[in-house]
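Me: I would like to learn how to read the features of a protein model, one at a time. Could you take me through this one?

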Amino acid sequence: MIKKLDFNPVEAEKNNELPTQICNMCGEKFDALDFQENCRFDHYFGYGSEYDFHHLDLNLCCKCTAKILDWLLPQCKHNPLTYEPEVMSFPPADCNDGKN
Ligand SMILES: [Zn+2]
């Protein structure tokens, strides 16, 4: 079951109430679409890795996410990107678009 989220980035942006989130790569503030996509990498590196005991908390805007994927995907022997439109309902199921 998908949990209904209280935070609506589009409404928050209209009301000038978007929280401040900065893209780690370009330094720009997130807009509503960046919050909707919420491209984030959160990882703790364990002992034996090249980044022992470091925490990666990477937040990327949509433009920087595309730049990273443009670089990363061609290097992958197994493509991690799949097209799964059935996973996303658009507009979101809890969105009242006046059609129901
Ligand atoms: Zn960015």
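Reply: What follows goes from the overall fold to single residues, bearing in mind that this is a predicted model.

Me: Which helices and strands does the protein have, and in what pattern do they follow along the sequence?

Reply: The secondary structure amounts to three helices and two strands, and reading along the sequence gives the pattern α-α-β-β-α.

Me: How do the two strands, β1 and β2, pair, and over how many bridges?

Reply: β1 and β2 run in the antiparallel sense and are paired over six bridges; within this pairing, histidine 43 stands opposite leucine 56 in β2.

Me: How many of the six residues of β1 are buried, and what share of the protein's residues is buried?

Reply: A residue counts as buried when 20 or more other C-beta atoms lie within 10 Å of its own. By that cut-off, the count of buried residues among the six of β1 is zero, which leaves the strand hardly covered, while in the protein, with its 100 residues, buried residues make up 5%.

Me: Where do residues other than glycine have a positive phi?

Reply: The general idea is that most residues other than glycine have a negative phi. In this structure, asparagine 38, which is not a glycine, has a positive phi of about 50 degrees, and phenylalanine 53, also a residue other than glycine, has a positive phi near 65 degrees. Asparagine 38 lies in the loop between α2 (32–37) and β1 (39–44), whereas phenylalanine 53 is found in the loop between β1 and β2 (55–60).

Me: Why does asparagine 38 count as exposed, and why does phenylalanine 53?

Reply: The cut-off for an exposed residue is 12 or fewer C-beta neighbours. Asparagine 38 counts as exposed because it has 11 C-beta neighbours inside 10 Å, and phenylalanine 53 does so because it has 9.

Me: What share of the contacts between residues at least 6 apart in sequence joins residues at least 24 apart?

Reply: Of those contacts, 44% join residues at least 24 apart in sequence. For distances between individual residues, asparagine 38 and leucine 60, which are 22 residues apart in sequence, have C-alpha atoms 7.6 Å apart in space.

Me: Where is leucine 81 found, and is it buried or exposed?

Reply: Leucine 81 is found in the segment after α3 (62–72), and it counts as exposed because it has 9 C-beta neighbours inside 10 Å. Its C-alpha atom is separated by 9.2 Å from that of leucine 69, twelve residues apart from it along the chain.

Methods: Residues are numbered from 1 along each chain as its sequence is written. This is a predicted model: local features need pLDDT of at least 70, side-chain atom pairs count only at pLDDT 80 or more; totals for chains, interfaces and linings use all residues. Helices (H or I, at least four residues) and strands (E, at least two) are DSSP runs, numbered from the N terminus. Two strands pair if DSSP finds at least two bridges between them. Two residues are in contact if their C-beta atoms, placed from the backbone, lie within 7 Å.
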